Amino acid sequence: MGKGFFISKTVGILGIIAGVGALATIIALSVVYSQEKGKNNNQNEEQTTSKPPTTTPIPSNKPWDKYRLPKNLVPETYNVTLWPRLTPDPTTGLYTFLGSSVVDFECVEDTDLILIHSNKLNYTEFENQLARLMSVSSVEAPAIKSSWLQGVTQYLVLELDGTLKKGHKYRLYTEFIGELADDLGGFYRMYIVVMATTQMQPTDARKSFPCFDEPAMKAYFFITLIHDRGTTALSNGKDIETTEINHDGQDLLKTVFERTEKMSTYLLAFIVSDYDSIGNSIDGVEIRIFARRSAIAAGQGQYALNKTGPILKFFEQYYNATYPLPKSDQIAIPDFNAGAMENWGLITYRETALLYDEAFSSNSNKEKIATIIAHELAHMWFGNLVTLRWWNDLWLNEGFASYVEYLGANNAEPEWNVTDLIVLGDIHRVFAIDALASSHPLSSKEEDIQTPAQISELFDAISYSKGASVLRMLSDFLTEDVFQLGLRAADSSKLELPDTLDNIMNTWVLQMGFPVVTINTGTGSVSQQHFLLDPEAVVTTPSPFNYQWIIPIKWMMTGNMQNPLWLTSKSETSEAMKATQDQWVLANVNMVGYYRVNYDDDNWAKLLDVLQSNHQLIPRINRAQILDDAFNLARAKIISTVQALNTTKYLSNERDYIPWKAALNNLDFFYLMFDRSEVYGPMQDYLVKKVSPLFEYYKQMTDNSSKVPDGHMDQYNQVNAISLACRTGLEECQNLVMTWFQEWMDTDTNRIHPNLRSTVYCNAIAAGGKKEWDFAWSQFIKNDSTAIESDKLRYALSCTKQPWLLNRYLEYTLDPDMIRKQDATATIVDIASNVVGQSLAWDFVRARWSYIFSQYGGGSFSFSNLVNGVTKRFSTEFELQQLKQFKADNSDVGFGSGTLALDQSIERTIANIKWVEENKENVLDWFTTEANAQ
Ligand code: BES
Ligand code: ZN
């Protein structure tokens, strides 16, 4: 089986330097992967000394003041024993874990200093030192002169009396105690204690035991867990044996695990619980799903179990490599910060991301499970087996998994057509951020990423969604087969590329943003320009390519595919793109390219005609693209807002989900900007006209809305139809949801289909008062055993229009007895999305910033989401001043992983102010006219 390895010198010999070019890195991965699988690389031979950080000021030049480890010691094996105690210490009331660790490492460069990561651990002293040092080779180990914990950089520092000698191996022994807090990071416990689990990525392994906590410092781990009788212990490896022991007069169990593969610390996992499991096996790999006993008993693990084997097989074939481990455990965890985590052999999930129950789960919940399993399983190879050298290349890891998750899910559920959804879920999503002057390139410089907060900040939409979009584009122009081959010996000469792959990809990876391609079908001119949401924004980030890209253009003429074209310069002329009077051009077919498209007025008019008369001539993804491009080109003042609004006229004929969803996402912006102004009324009147036919269509299809449609996309669009119809005040819709909700309150029997629950609950609570809210809250508390249902209620509770209920709910978000910590920031964002809740949430966040930051600042996505979420409606000078004031007032506390999001919010607010000023009149007129047109 493959040993762990990562990009190394061998790759360098092939002319590839990790961290420079995207393609270089992809090739690097593939080459290492295909040629070196099974070999045991020496991970150190080529490590260079780290450069001093450029972004983080360092207080001194001492090695322990630098965030990066020196390269002189290399871990080989760890032997770690941990004992998480699930009852509080009677004297302190704290939950703790006890641990001991032996790490064997090799010295590759003489040194008299040992630095090893350690955070929030207290050590047992041996002869006044925090550790014991021994030798495992012929030379003697020097004595420890002094030892201390360096808080800021998170090290255990050992100064030695003599030197460790190059080529020799040493052993470090420590005993320590850590707090088993309910803080969702490192080794932690559930708030309601029944289990302890871990979340190491990116830098919290050091919170569980002292370790060389960098991804390239791969080692073998021997793990032992001590736990209560009646509980089960899990870790990355299979358990070898569990024995009964007596420790300090307590009857306990000791579980010893098989040695792991050579792996990074961030992929470790230790779990103690009384959970139940179901399992099967596929070609000798044991697959198990763990969850709370009641969830397993209710069959909620079955869907995940059924899909895991096939997805695993799919990726084996995709990567052309067998799954590297003998087992694959997946476990649903009640308190979990991210959605899921790819610990090697023991993947952890939020409950809602793994558990499926027909009685409670919507089709969207189900899709999420299939894609998230695919995403995490994809990491088992890409990320775990083959690992990037440092976090600056994270985008490749997460972007790749975020692209192939669609392929894996599509394989598991071929009927759903999920691969199309990348357009909404990733491309449109990240376009909104990547169009800002405060965006950043996919790849970062190694020396710019140093602190844990800087590392956490990389887990953003750029890494995930732009990464996925750009890799999809690459895979499309290379063809999926070539891409899959790992570009190894890919004979790109046959592909007729305009430049080397490296040069093409560098334009997408090394510079931020993306182009808008403008096609003039009169002259045949095709040109590009950096797309900025605010055309007046000042771009201060320099670009090595001057904001030009090498762009693959797939296009059609009057519905027929043409030979693809490459735009390699600022502007070119293509005879082929000249259109006659009755021809029209559509570019970026199926939106495989990461760019927007603009046309001459004539061609725009023709496209709108086709939409009106025969929209099916345009592929459904491109109908969505036309809407999304038009609205965003209008925001950037490249076309008029009226022209963008005109693209929505055909929606009365549209039945497909993807274009509707794209329209709703863009109209959402109008709601955000105008739902407190006089535009609101006419806008509602117009939209109710557009959505009524859709509402009617699904009503017919579903026997008066009493069922849900068969198709996956139809199921989604039925939800769109109902939520927009209710939102625009269609009486029939409102009556429907009120009746359903009332019936539930009266009879205590919930007959609302899971697909429709979120929107039905939300609308009923919005229309109702205290009675409806309290009922939903009581269900929320009661349903705590089914996270899937609780999540829907938690969202819907944010929909009330009563300020006092919203304020009370805001208070609940910071009380873990009411709202789980993992859900706190998402709930605040839900409240801010409500027009009545917006200012309440903003006041709340400002008033509590330092508390929120200290208690909830650790999570990775949640913080940038919070900052973006509570400010997304901002569109006045006053709000902008408040936002700037907020930034100034809290500069001492900081914004952690929300730092970038704050700058993005300021930029977005500035753009919104200008947009509203310039467009309000037009928009009001347009809606008024169109609402009255027959
Ligand atoms: N490696 C991440 C989990 C993670 C995120 C750890 C941030 C630490 C910080 C995992 O592979 C992941 O990407 N999870 C996603 C799910 C996915 C389907 C996008 C998540 O948690 O949302
Ligand atoms: Zn991931």
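Which helix contributes the largest share of the lining of the largest cavity? Helix 29 (residues 899–932) does, with five residues. The legends below describe close-up views of a predicted model.

**Figure 1. The largest cavity and its lining.** The model holds eight cavities of 30 Å³ or more, and the largest has a volume of about 100 Å³. Its lining is made up of Leu 533, Asp 534, Pro 535, Arg 635, Lys 637, Ala 911, Asn 912, Lys 914, Trp 915 and Glu 918. Sorted by class, this lining comprises five charged, four nonpolar and one polar residue. Helix 29 supplies five of the lining residues, the largest share.

Figure 2. His 375 is buried because its relative accessible area, 6%, is under 20%. Glu 398 is also buried, with a relative accessible area of 2%.

Figure 3. Asn 119 sits in the loop between strand 4 (111–117) and strand 5 (121–123). Its relative accessible area is 12%, so it counts as buried. Leaving out residues up to four places away in sequence, Asn 119 touches Gln 154, Arg 206 and Lys 207. Gln 154 is found in the loop between strand 7 (144–150) and strand 8 (155–164). This residue is buried too, at 14% relative accessible area. Phi of Gln 154 is positive, near 65 degrees, in a residue other than glycine.

**Figure 4. The cis peptide bond between Gln 201 and Pro 202.** Omega of this bond is about -5 degrees. Pro 202 is placed in the loop between strand 11 (196–199) and strand 12 (220–228).

Figure 5. Met 683 is part of helix 17 (residues 680–701). With a relative accessible area of 0%, Met 683 is buried. Apart from neighbours within four places in sequence, the contacts of Met 683 are Phe 670, Tyr 671 and Phe 927. Phe 670 is 13 residues away from Met 683 along the chain, and their C-alpha atoms are separated by 8.7 Å.

**Figure 6. Two exposed asparagines in loops.** Asn 546 occupies the loop between strand 24 (525–530) and strand 25 (551–553). Its phi is positive, about 55 degrees, although Asn 546 is not a glycine. The relative accessible area of Asn 546 is 64%, so this residue counts as exposed. Asn 563 lies in the loop between strand 27 (560–561) and strand 28 (565–567). Asn 563 is likewise exposed, at 65% relative accessibility. From Asn 563 to Leu 797, 234 residues apart along the chain, the C-alpha separation is 52 Å.

**Figure 7. Confidence along the chain.** The chain has a mean pLDDT of 91, and 92% of its residues reach 70 or more. In residues 1–22 the pLDDT is below 50, and this stretch has 74 contacts in the model beyond near neighbours in sequence. Residues 30–55 also have a pLDDT below 50, with 66 such contacts.

Terms used:
Residues numbered from 1 in each chain as written. Chains lettered and ligands numbered in written order. Predicted model: local features only at pLDDT ≥ 70, side-chain atom pairs only at ≥ 80, totals over all residues. Heavy atoms only, no water. 1 Å grid on protein atoms, 1.4 Å probe; cavity = no way out; pocket = protein on both sides within 12 Å on 5 of 7 lines; lining within 4 Å. Points joined across faces, edges and corners; volume = space filled by probe spheres on them. Helix = DSSP H or I, 4+ residues; strand = E, 2+ residues; numbered from the N terminus. Nonpolar A, V, L, I, M, F, W, Y, C, P; charged D, E, K, R; others polar. Buried < 20%, exposed > 50% of the residue type's maximum accessible area, 1.4 Å probe, protein only. Contact = heavy atoms within 4.5 Å. pLDDT = per-residue confidence, 0-100.
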